[in-house]
Amino acid sequence: MIGAGPGEEELRAFVAVVGPRLNALAWSLTGHRQDAEDLVQETLVQVVRKWSRVRSSRHQGAYVSSMMANLFLSGRRRASAREVVSDAVVAARVSPVTALEGTEQEQGLLHRVARLPERQRAVLVLRYLEDFSTEQIAQALSMSPGAVRSTTHRAYETLRGLAEQERSPDRRLAAGG
């Protein structure tokens with residue numbers, strides 16, 4: 001992955017430190033193991049290519065998280081949208097949500113977040129997983145702070161709607177209908 005040269009050991013150490021966090025971020029953004037692995041690899045390629053910029057950044061982890069979020073939203077990694085897959089391949093795909101432990105309520109929330117439109121998901125993941133401020137998200141995703149707030153609001157509304165849809169059949173059954 002990393003060629004010989006000045007800074008190689010520093011780069012290796014950086015990747016070793018941020019790797020687990022990048023994996024978690026990629027899983028949260030993509031909702032699928034293979035897509036997450038691809039996104040991590042693409043991000044690491046960008047880190048290697050732009051190592052001097054990453055290295056000189058005041059907040060290297062945030063810089064790389066922003067790189068990943070932008071790669072996720074950019075469509076450059078969407079080769080899978082052009083692939084033709086069989087039902088067996090789709091059925092075999094493991095969702096990270098099923099691999100995580102947690103309460104049934106947490107699992108439901110993770111499934112709903114995975115169903116959000118990509119930009120809404122990216123905003124929420126950066127906010128709650130990476131603990132970015134509104135201003136940091138705006139800078140990372142090239143949005144205005146107002147657009148971040150409205151996207152966050154729409155994401156909450158979408159999550160509420162999905163939760164209501166999931167509860168509706170239970171209410172009908174409880175009511176005998």
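Colleague: How do helix 4 and helix 8 pack against each other?

Modeller: In this predicted model, helix 4 and helix 8 pack at an angle of about 165 degrees, and their axes are 10 Å apart.

Colleague: Why is helix 4 called roughly antiparallel to helix 8?

Modeller: Angles over 145 degrees count as roughly antiparallel. The angle here is about 165 degrees, and helix 4 is therefore roughly antiparallel to helix 8. The crossing of the two is right-handed. On the side of helix 4, Ser65, Ala69, Phe72 and Leu73 make the contact, and on the side of helix 8 it is made by Glu118, Arg119, Arg121, Ala122 and Leu126.

Colleague: Which residues of helix 2 and helix 4 meet?

Modeller: Helix 2 contributes Leu39, Val40, Glu42, Thr43, Gln46 and Val47, which meet Val64, Met67, Met68, Leu71 and Phe72 of helix 4.

Colleague: How do helix 1 and helix 2 cross?

Modeller: Their axes come within 9 Å and cross at roughly 140 degrees, and the crossing is right-handed. Among the residues of helix 1 in this contact are Leu11, Phe14, Val15 and Leu22, and those of helix 2 include Ala36, Leu39, Val40 and Leu44.

Colleague: How many aromatic pairs does the structure hold?

Modeller: The structure holds one aromatic pair.

Colleague: Why is the pair of Phe14 and Trp51 called tilted?

Modeller: A pair of aromatic rings is described by the distance of the centres and the angle of the planes. Ring centres must lie within 6.5 Å to pair, and those of Phe14 and Trp51 are 5.3 Å apart. Planes under 30 degrees apart would be stacked and planes over 60 edge-to-face; the planes here stand at 50 degrees, so the pair is tilted.

Colleague: What does the pair of Phe14 and Trp51 tie together?

Modeller: Phe14 lies in helix 1 (residues 8-30) and Trp51 in helix 3 (residues 51-56), so the pair ties together parts that are 37 residues apart in sequence. Both Phe14 and Trp51 are buried.

Colleague: How do you know that Arg127 lies over the face of Tyr128?

Modeller: One condition is that CZ of Arg is within 6 Å of the ring centre. Arg127 is at 5.8 Å from the ring centre of Tyr128 and lies over its face.

Colleague: What makes Asp131 exposed?

Modeller: Exposed requires over 50% relative accessible area, and Asp131 has 59%, so Asp131 is exposed. Asp131 lies in the loop between helix 8 (118-128) and helix 9 (134-140). Its phi is near 60 degrees, a positive value in a residue other than glycine.

Colleague: Why does Ser142 count as exposed?

Modeller: The cut-off is again over 50%. Ser142 has 67% relative accessibility and therefore counts as exposed. Ser142 is placed in the loop between helix 9 and helix 10, and its phi is positive, about 55 degrees, although Ser142 is not a glycine.

Colleague: What makes Asp38 partly exposed?

Modeller: The relative accessible area of Asp38 is 45%, so Asp38 is partly exposed. Asp38 is in helix 2, and 8.8 Å separate its C-alpha atom from that of Ala26, twelve residues apart along the chain.

Colleague: How many helices and strands are there in the chain?

Modeller: The chain has ten helices and zero strands. Of its 177 residues, 37% count as buried.

Notes. Residues numbered from 1 in each chain as written. Predicted model: local features only at pLDDT ≥ 70, side-chain atom pairs only at ≥ 80, totals over all residues. Heavy atoms only, no water. Phe/Tyr/Trp six-rings, centres within 6.5 Å; stacked < 30°, edge-to-face > 60°. Helix = DSSP H or I, 4+ residues; strand = E, 2+ residues; numbered from the N terminus. Buried < 20%, exposed > 50% of the residue type's maximum accessible area, 1.4 Å probe, protein only. Lys NZ or Arg CZ within 6 Å of the ring centre and 35° of its normal. Contact = heavy atoms within 4.5 Å. Axes fitted to C-alpha atoms, helices over the stretch in contact; angles between N-to-C directions. Left-handed = near helix turned anticlockwise from the far one by under 90°. Parallel < 35°, antiparallel > 145°, perpendicular 65-115°, else oblique.
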